[in-house]
Number of protein chains: 2
Amino acid sequence: MSQKNIIIAQSGGPTVAINASLAGVISAALENDNYGTIYGSVYGILGIFNDNLINLSDKVNEIPDFIQTLKTSPSMYLGSCRHKLPEYEDDDAPYAFIFNQFKKYNIGAFFYIGGNDSMDTVLKLSHYGRQIDSDIRIIGIPKTIDNDLCITDHTPGYGSAAKYIASSMLEIAHDTFIYSVPSITIVEIMGRDAGWLTASAALARNEYNTAPHLMYFPEVPFSKEQFINDIKHQLSLRNNVIVAVSEGIRNEDGQYISASAAVNDQFGHLQLSGTGKCLEYIIKEALNIKVRSIELNVLQRCAAHSSSLTDINESFELGRKAIQYSEEGLTKCMLILKRTSDSPYNVEIDKVDIDQIANNAKSIPRNWINEAGNDITDELYNYMLPLITGEPDILYKNGLPVYLPVSHLDKLD
Amino acid sequence: MSQKNIIIAQSGGPTVAINASLAGVISAALENDNYGTIYGSVYGILGIFNDNLINLSDKVNEIPDFIQTLKTSPSMYLGSCRHKLPEYEDDDAPYAFIFNQFKKYNIGAFFYIGGNDSMDTVLKLSHYGRQIDSDIRIIGIPKTIDNDLCITDHTPGYGSAAKYIASSMLEIAHDTFIYSVPSITIVEIMGRDAGWLTASAALARNEYNTAPHLMYFPEVPFSKEQFINDIKHQLSLRNNVIVAVSEGIRNEDGQYISASAAVNDQFGHLQLSGTGKCLEYIIKEALNIKVRSIELNVLQRCAAHSSSLTDINESFELGRKAIQYSEEGLTKCMLILKRTSDSPYNVEIDKVDIDQIANNAKSIPRNWINEAGNDITDELYNYMLPLITGEPDILYKNGLPVYLPVSHLDKLD
């Protein structure tokens, strides 16, 4: 085929591995004679609508160590969006516009790196492309810290978030054990619908650390009474009890626990309290004991300085493989990771039809959570462990990690 | 002198450098023929009351790489307490008990590693010791993430906390800039009475990152009206505004801003809202814009995996010097750091009489904060920068940092 250009975009929430996949696509495209200019679409699919493309081939030439630094830079170098395309049967104007842009820029392949919502975009563009007999390859590359994409063994970004959560849990345990006064510490972890991230806190356990002592997941209905009983039991075993909880736990009726502690602020507005804060209130109401809650915040998804080398390398290889697949003519697909062995850990890259992926979500299997619903099983532990291993070399300057400049974002500056 | 034993204890809140000072004392004591057994008092001064001492000389022999691993382990290996001794003029029983323990264990020197409250203990023990003509050396070794101890150029533990805060701010900026939708992000940082920790967020600024765009400190009375004006001005300059705020900001009347947003929970109890949450409410009330608040939690003081090598090394050397001073007969003192040069950065260790230290606190000088009270000056930036430099070698195993086991704490386990 004659030489074509490509467009890459990123979408959804940040992870510390999504730039590694971008780096993988760029590095493989540069080695491939069939591909010319590599464009990055700024702010996800919106960059195509707004003609906001940057020339990544130029960036590689201008910025020293561009690919290596990109590989370990957090969040999304190309920016993001949360934009849902209409069904093309209802409104094909945006599709016509996008494919017109593809023509204008002589595009041979479009790569979208993202989670569930982004794969919906890949699905819709693929279907429209087939309908108009386009030969442009439309390929999805997975990422999400939530690990809730189907079929793939795990999602890029999950391992690094899990590593951050586990090391934070270990450090919080060291912080908590120093006082002889009994205490409860609640650690709230991301995850509205799946408990994969919360489960990773269990990786902090070692020969001296038994925390977290209790764990609660969206997959199991939350009972306030059971929770108080669990806490009382733990207090009979140890001085300092540490609890890991998903933000998305719900009661038997499916109501978020965080919503049940909604409070009125000084202006009379209803404010949703955090799930951790809510468990803190429940304990204060039931027991006379020192209690605090800690919300692991957005650093779960952007603390690149403590990312998992396994995660970064897999994400990079997924990006490289996407170029290979596109050259082989594959389209309307998402790349996946297939685990071929647990010990030694090994994965292979494969692909599936995007119809199998989009708009489905993967929860923790119920039998990977213990019967009482307050801890994980060994199977889940063994599944997670290899994903957090290895530490990338991060360059530091003036005491801080060196990441790739993102001056092309936040344009008002 | 005939060979004597020593006791070391740690007290107050955790830092990631306080174990480095403990490691320094141990390493120098081991090399010193005048000192025999090295005891650690578990849970601060309480370990002496409860006869809860561990033999650190044995630990060094039993645990491979004990001193090296201790140096970079977070929080407090010996546990902590918050225990205030009475004035000995009012009640000398606890003092008589402590000095009796010193006699029982043939103690020549007692080292207390801690912050302001711990130095009050050093002061009182020193005065009592002098009154009874004791020749036991009583020496304070500083630590606190708050950097609010007098006379010393800075406090051990501050540099590592500052490094964590600055790198988190940088990663939060990467996380925030990815959307084209205008937003405000509030980052709440520790510090009830001094803004040193919040100030360190400014170290995140570099050739592409201008965040934090606004900063608020306990040293300057907080005005809600000025805050809203500041935010509006920043929104005219950029899309995504990031604010760093000390938990301890107060209004003109000295009332904590966090207290002004106290809310009633579901049980009708008054709950203090966080300062960041409070600023979030203020913005929601005044402006129609996306806003969120992030509380940098206890990881500020326990994230040893990202500690400052400068901080760790200085803390270690302070511990070593404490042994030298005790051998020279010094007592009733606290060690300090004196900065002899900014560029290249250099410090020397010295000591001051404990009377000059205890129960005083050091705020940011007003002329190190800009006139508007919403940013720092270059002087403060240059003061902080060298303190966060350098990265210690942290050993990892199974994806997590290797820290020293603390099985001797949390005894109920």
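Tutor: Let us begin with Leu296(B), which is found in the loop between β11 (290-295) and α12 (299-302) of chain B. Helices (H or I, at least four residues) and strands (E, at least two) are DSSP runs, numbered from the N terminus. This is a predicted model, in which local features need pLDDT of at least 70, side-chain atom pairs count only at pLDDT 80 or more, and totals for chains, interfaces and linings use all residues. Residues are numbered from 1 along each chain as its sequence is written, chains are lettered from A and ligands numbered from 1 in the order in which they are written, and side-chain values use heavy atoms, with hydrogens and water left out.

Student: Is Leu296(B) buried or exposed?

Tutor: Buried means under 20% relative accessible area, exposed over 50%, and partly exposed in between (1.4 Å probe, protein chains only). Leu296(B) has a relative accessible area of 3%, so this residue is buried.

Student: Which residues is Leu296(B) in contact with, leaving aside neighbours within four places in sequence?

Tutor: Contact means heavy atoms within 4.5 Å. On that basis Leu296(B) is in contact with residues including Asn297(A), Leu299(A), Ile165(B) and Val187(B). Val187(B) is 109 residues from Leu296(B) in sequence, yet the two are 6.9 Å apart, C-alpha to C-alpha.

Student: How are chain A and chain B related?

Tutor: Two copies of a chain are related by a rotation about an axis and a shift along it. Here a rotation of 180 degrees with 0.0 Å of shift along its axis superposes chain A on chain B (RMSD 0.0 Å), by least squares on the C-alpha atoms of residues with pLDDT of at least 70 in both. The two copies are therefore related as by a two-fold rotation axis.
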